[in-house]
Amino acid sequence: MRALQLNGPGEKFNLVEVPVPVASQGTRLIRVKSASLNHRDLWIQKGQYANLQFPIILGSDACGVDVSNGHEREVVIYPAINWGTEQSHQGVGFRVIGLPDQGTFAEYICVPQENVFDKPPHLRPAEASSLPVAGLTAYRALFTRGGIKPNDTILITGIGGGAAHMALLFAKSIGTNVFVTSGSDEKIRRAIEMGAVGGINYNEEYWVASLKSMSQGFDIILDSAAGSSFNKLIDLIRPGGKLVFFGETQGKIESIDPRKIFWNQISILGTTLGSPIDFDLMIKHVNKFNIKPVINSFHFTEINEAMELMKSTGQFGKIVLSW
């Protein structure tokens with residue numbers, strides 16, 4: 001089968017021929033139709049990830065056809081292995097597909113049978129392949145951790161990325177008031193077209209004051225950047241509100257005034273991916289509300305061009321590879 005292989009940090013992906021994996025008891029063989037990129041793939045390519053090993057076939061997201069035992073059905077893949085027994089957090093054996101295990105940037109992949117879920121029927125394979133990591137992360141952040149409710153006012157930082165745009169779709173589906181930030185006025189415009197109430201470019205000098213004036217504060221803030229702006233977000237949370245974060249693209253969090261947190265009864269919550277239960281609920285939510293992700297499509301052989309787009313942060317929505 002054809003696969004996209006990365007031979008070392010800083011290198012480009014190569015199209016190679018490797019054996020088709022063989023399904024064992026308790027696993028399913030999936031013929032991959034589409035797979036989507038995540039920043040995890042970029043960090044691994046840059047050599048900025050733990051427990052690196054090369055050569056490796058990356059990729060955590062996929063939509064394809066379960067061809068095990070002659071049975072064929074369109075499926076999406078839960079993107080992790082060994083979540084564990086607790087819904088509140090992952091266990092010590094938890095790992096994400098695509099390192100150290102073979103990933104989805106190949107024509108076939110074997111995964112545990114419990115990782116296989118029916119594809120939402122209203123989505124094309126390319127659209128469905130964008131759901132696993134981004135959709136799961138956004139769903140758990142909003143619903144499981146954030147406890148989002150209709151009519152809440154929420155802020156999503158860094159709109160345009162995969163999880164952020166999925167969070168916008170999920171939040172709007174239940175009737176919340178969504179505001180966004182971005183370093184791109186064009187991405188803010190697109191978010192408003194998708195239903196956001198408003199947004200602010202975080203490169204503006206007084207972006208925090210502008211957001212507070214527009215919204216009167218937020219019940220929930222979703223953030224994936226951390227860094228120096230994190231403490232500014234605390235000033236935007238209403239008493240009793242929550243700040244849920246799932247990344248640190250801007251680096252470590254700088255000093256925070258603890259009085260703002262305890263006096264205003266604010267909750268700061270971390271989250272990573274989600275459990276199989278979260279994934280099942282996310283897929284049901286996508287089906288119930290007929291949610292369609294925004295995608296940027298490439299052929300599998302164009303992976304290096306797709307990775308360059310991710311490096312530039314120029315995309316809105318998910319970057320998808322299709323055979």
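Contact means heavy atoms within 4.5 Å. The exercises below concern a predicted model.

**Exercise 1.** Find where S129 lies, decide whether S129 is buried or exposed, and list which residues S129 touches.

Solution.
1. S129 sits in the loop that joins helix 2 (125–128) to helix 3 (132–145).
2. The relative accessible area of S129 is 0%. Buried means under 20%, so S129 is buried.
3. Leaving out residues up to four places away in sequence, S129 touches S34, A35, S36, D61, A62, C63 and V320.

**Exercise 2.** Describe how helix 1 and helix 10 pack, and which residues meet.

Solution.
1. Helix 1 covers residues 39–46 and helix 10 covers residues 303–312; their axes are 10 Å apart, at an angle of about 100°.
2. Angles of 65 to 115 degrees count as roughly perpendicular, so helix 1 is roughly perpendicular to helix 10.
3. From helix 1, H39, D41, L42 and Q45 meet M307, M310 and K311 of helix 10.
4. By type, the residues of this contact are three nonpolar, two polar and two charged.

**Exercise 3.** State how many residues the largest nonpolar core has, and which elements give two or more residues to this core.

Solution.
1. The largest nonpolar core has 49 residues, and L142, I156 and F170 have the most contacts inside it.
2. Elements giving two or more residues include helix 3, strand 10 (153–156), helix 4 (162–173) and strand 11 (177–182).
3. Helix 5 (185–193), strand 13 (218–223) and helix 9 (276–288) complete the list.
4. Among the residues that I156 touches are A164, L168, V178 and L222.
5. Another core, of 33 residues, lies apart from this one and includes A35, I57, L99 and M307.

How values were computed:
Residues are numbered from 1 along each chain as its sequence is written. This is a predicted model: local features need pLDDT of at least 70, side-chain atom pairs count only at pLDDT 80 or more; totals for chains, interfaces and linings use all residues. Side-chain values use heavy atoms; hydrogens and water are left out. Helices (H or I, at least four residues) and strands (E, at least two) are DSSP runs, numbered from the N terminus. Buried means under 20% relative accessible area, exposed over 50%, partly exposed in between (1.4 Å probe, protein chains only). Axes are lines fitted to C-alpha atoms, for helices over the stretch in contact, and angles run from 0 to 180 degrees between N-to-C directions. Angles under 35 degrees count as roughly parallel, over 145 as roughly antiparallel, 65 to 115 as roughly perpendicular and the rest as oblique. Ala, Val, Leu, Ile, Met, Phe, Trp, Tyr, Cys and Pro count as nonpolar, Asp, Glu, Lys and Arg as charged, and the others, Gly among them, as polar. A nonpolar core is a set of buried Ala, Val, Leu, Ile, Met, Phe, Trp, Tyr and Cys residues joined through side-chain atoms within 4.5 Å.
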